[in-house]
Each structure stands twice: as C-alpha cells, then as structure tokens.
Amino acid sequence: MSTDKMKMNIEKFTQQFRHALVNECGVSESSRILVAVSGGADSMALLHLLRYTGMKCLAVHCNFSLRGSESDEDEAFVKKICKEWAFELITERFDTTSYATENGVSIEMAARQLRYNFFYSLAKKNNIDWIATGHHGDDAIETFFLNLARGTGLKGLTGIAYQRDSIIRPLLFATSQEIIEYCNQNSIPFRTDSTNHETTFLRNKIRHQIVPLFKEINPAFFNTMQNNMEYLGEAWQIFISEAAKVKEQMVAETEDSILIPIKLINEHPQKKSMLFEILQTYGFSGVMMDNIIESMNGIPGKQFFSHSHRLVVDRYNLILVPRMEIDVNDYYINSETELTQKPIKLSIKTFPKKEDFSFSVNPKKVHLDADLIDFPLKIRKPKPGDRFQPLGMIDFKKISDFFIDEKLSLVEKENTWLLINNDDIAWVIGHRIDNRYKITSATKTILEVSVRD
C-alpha cells in the first residue's frame with residue numbers, strides 16, 4: 001500500500017471521527033471531555049484523535065486490580081503516554097473483587113459500576129460536559145448478541161448509542177481492526193489485555209466464536225449489522241412513543257405500589273411487549289412474560305419476583321411492590337402512650353364520654369369502650385385462624401373471610417395490622433372494629449385511636 005493511500009485512509013478516518021463527535025455525540029468546540037483511558041488500542045486511538053482535534057480533555061485511568069502486575073503496568077503505561085502527550089491524568093485503584101462479593105454482582109458488573117460511578121463524580125467535580133469511552137462498532141455488535149441471548153427485548157437489540165446522557169462513544173463507526181490500523185499507521189503505542197482471548201467470558205465467546213461465523217457467511221457483516229441496529233433503533237423510538245401512551249393510560253401509582261389493570265393489558269394487541277416494557281425497569285426479564293400473562297387469566301394470588309420487586313396477580317390488577325420481608329413482630333402500646341411510630345403511626349387518647357358524643361365513621365379513626373381495654377395493647381399481623389366480631393354483627397368471622405368480603409388484594413392483606421386487647425381483635429386497623437368494643441349507652445370512658453399519615 002502506498003504512503004499516499006495510507007494518508008488518505010487516515011484522513012478519512014479522522015473525518016469520520018469528527019463527524020461522529022459533532023453530529024452523533026453533540027460535542028462542541030467549547031466542550032470539556034473526560035476520556036476513559038485503559039491503555040488499549042481503542043482508548044489510545046480515542047485520546048490521540050481528541051488531541052488531534054484540539055479538544056479540552058481530562059484523561060482518567062482505572063486500575064481494577066484484577067490482573068496482578070499487568071494492571072499495574074497498564075497504569076504506568078497510561079501515566080507515561082499522558083505525560084508525553086501533555087494530558088492531565090487522574091488515576092484510581094479499586095478492589096473490584098471485594099466490591100463484587102459485597103454487592104452480589106459479577107466481576108464485569110462490579111468493574112462497570114465502579115468505573116462509571118467514579119467518572120460521574122469526577123465529571124461533576126471538574127465541570128466536565130462529556131465522558132468519552134473507546135467503544136467501537138464491534139462492541140456494539142457483541143452487545144447486540146449478548147442482549148439477544150439474555151432476552152432484553154427490542155431496546156437491547158439497538159446496540160450501543162453514540163450518546164446517552166453525558167456518555168459519548170465517538171468510535172462506534174469503526175471496527176476494532178480499523179482502530180488498530182489507525183494506531184499502527186500513527187505509531188500510537190497500546191497495551192493488549194491478555195484476558196481478551198479467554199472464552200470464559202460470554203462477550204469473548206461472541207467475539208471469537210460467533211461473530212467470525214457470521215463474517216464467513218456475510219463478508220459485509222459489519223456494515224449489515226450497523227444498518228440493522230440503526231433500523232432497530234428507529235423501530236425502538238416508534239415503540240417507546242406508543243409505550244409512553246400505554247403507560248400513561250394503564251399504570252397507576254399509589255403511595256407504596258404500582259397498579260396495572262389486567263383487563264387493559266389483555267386488550268392490547270401487543271400486550272407481551274408492552275407488559276415487558278413496563279416491568280423491565282423493575283428487573284423482570286422477558287422470559288417471565290408468558291407466565292405472567294397466563295396467570296392473569298387464572299386464580300388470583302400468583303406472585304413473581306425480580307431482584308428488587310414483587311409482582312402480585314390480583315383480581316383486577318397486577319400489583320408491583322418493592323421486595324421486603326413481612327414484619328411478624330409484636331408491638332405494644334402502654335397506657336401512657338400517645339403516639340406510636342412502629343409498625344404504624346397511631347395517635348391514642350382517652351377522654352370521658354359526653355352526652356353529645358358521636359362516634360367516628362372514618363375507618364382510620366375509631367372509638368372503643370375504654371373500660372373494656374386492658375393495657376398493654378398489642379399490634380401484630382393477622383395469623384391463620386384469627387377471628388373477630390365485625391361491628392354490627394353477632395357472629396364471629398374469620399379475618400381471611402373478612403378480607404375476601406372487603407375485596408382486599410394480597411398486598412393490602414399483608415399490609416394490614418391488628419390491634420389486640422388480651423387475645424381479642426379489637427380493631428382491624430384501617431377497616432373495622434370488633435362489635436364487642438363499640439361505644440354503648442353504658443360506656444363512660446372512650447379510647448380514640450387514629451391512623452396518622
């Protein structure tokens with residue numbers, strides 16, 4: 001290849017970079033950029049191109065302490081080059097393995113979280129506009145296959161965006177080989193991560209085993225995938241526009257839960273996709289959607305779990321709540337208590353009954369015959385077999401049957417507390433008092449208990 005030809009290729013590559021930087025990433029001449037520099041070919045080419053274009057940059061290197069002396073050599077290499085190229089550099093060392101263990105995540109996820117949390121804090125501290133990473137087009141293709149295997153839905157098949165929030169990836173137009181050629185032609189030194197060829201990592205399996213097969217089938221596979229991901233990105237924009245309308249119509253938020261009407265989901269022509277779009281934010285995977293949809297037409301009460309949330313299939317709604325352990329402790333109220341904080345906020349007061357007294361009809365504010373109360377009172381959750389005599393009734397009723405009559409959802413049942421006097425249920429808090437403790441003509445002293453917001 002002639003020298004002129006090589007220069008033309010470099011010039012074209014640089015022009016493509018400028019176009020991506022400005023038109024795809026939205027960077028202006030006055031922008032300040034934090035550049036993630038690992039020492040590999042991608043980040044070194046990125047740093048060189050930004051230097052060539054005259055952008056104001058702060059270089060950052062993360063040492064994840066995962067490859068022993070190799071990690072330290074990478075750090076020393078980046079320090080040396082940044083000094084030669086007159087870039088301000090900030091380095092940080094992480095105990096990635098400990099972080100992964102403490103947070104219950106993979107090493108790859110731990111490194112990602114540590115890296116980006118550090119980048120965001122530095123950007124804020126140093127008045128940085130953009131955080132640039134060396135992701136290239138082959139990374140986007142690998143991400144496509146990763147997400148395809150994991151079942152992340154349409155969004156995951158759009159690859160990697162040039163710009164998301166303050167993160168920019170101006171090398172997405174290029175292949176990894178083109179970036180290496182750019183480095184070689186410009187005598188840009190770079191380090192090679194020895195783990196890049198280990199197929200124990202899923203991404204490396206895709207890189208070394210799956211993608212080469214597609215390239216064998218289609219020599220223009222890179223360009224084909226670039227077009228595919230662009231079309232899928234446009235389809236995704238159409239989809240999320242419709243999904244936003246659906247969410248506005250369907251999803252209702254209460255203080256502690258999210259309600260999704262089963263009838264409306266069932267009537268939507270793309271119910272599986274729409275339901276996944278609503279639930280994936282809360283950690284539910286695409287493979288769960290068929291089971292959830294099937295359960296919507298079955299017996300209420302089935303539950304599904306993500307790492308952070310619980311989805312309860314009720315009679316009329318899907319109820320989404322954060323995962324938490326049910327409190328089975330007992331809490332006590334002494335005669336001197338005026339306000340409780342746990343497990344529920346209650347205000348308590350006692351006063352003589354007057355002739356013009358009228359009892360509350362608000363289920364969250366009740367009046368009981370204080371002469372029948374024997375402190376300390378107890379607050380606890382319902383137990384199997386619990387019974388009480390609902391106000392206005394002579395016969396006893398199981399708490400479970402009362403909940404059914406009141407049409408309480410599973411979540412509402414779990415969130416209900418009982419006020420216990422000796423062994424009697426004096427009040428299903430927020431719902432109904434026991435008929436034995438109602439105010440009568442013989443009542444002399446009243447106990448008022450109110451649920452506080």
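A search of the whole structure finds 21 salt bridges, a salt bridge being a side-chain nitrogen of Lys or Arg within 4 Å of a carboxyl oxygen of Asp or Glu. The model is predicted, so local features need pLDDT of at least 70 and side-chain atom pairs count only at pLDDT 80 or more, while totals for chains, interfaces and linings use all residues. Residues are numbered from 1 along each chain as its sequence is written, and side-chain values use heavy atoms, with hydrogens and water left out.

- Arginine 310 forms a salt bridge with glutamate 414, with 2.6 Å between the closest N and O atoms.
- This pair links distant parts of the chain, 104 residues apart: arginine 310 lies in strand E10 (residues 309–313) and glutamate 414 in helix H14 (residues 410–414). Helices (H or I, at least four residues) and strands (E, at least two) are DSSP runs numbered from the N terminus.
- Both arginine 310 and glutamate 414 are buried; buried means under 20% relative accessible area, exposed over 50%, and partly exposed in between, with a 1.4 Å probe and protein chains only.
- Lysine 349 forms a salt bridge with glutamate 448, their closest N and O atoms being 3.6 Å apart.
- Here too the pair links distant parts of the chain, 99 residues apart, with lysine 349 in strand E14 (residues 346–352) and glutamate 448 in strand E22 (residues 445–451).
- Lysine 349 counts as partly exposed because its relative accessibility is 45%, whereas glutamate 448, at 9%, counts as buried.

- Arginine 436 and aspartate 434 meet through their side chains in a salt bridge of 2.8 Å, N to O.
- Arginine 436 is partly exposed, at 30% relative accessibility, and aspartate 434 is buried, at 0%.

- On a 1 Å grid over the protein atoms alone, a pocket is an open set of points where a 1.4 Å probe fits, with protein on both sides within 12 Å along at least five of seven lines; lining residues have an atom within 4 Å of a point.
- The lining of this pocket has 37 residues, and Glu255, Asp256, Ile344, Asn415 and Thr416 lie nearest the centre.
- Strand E11 (317–322) and H14 each supply at least two lining residues, and E11 gives the largest share, four residues.
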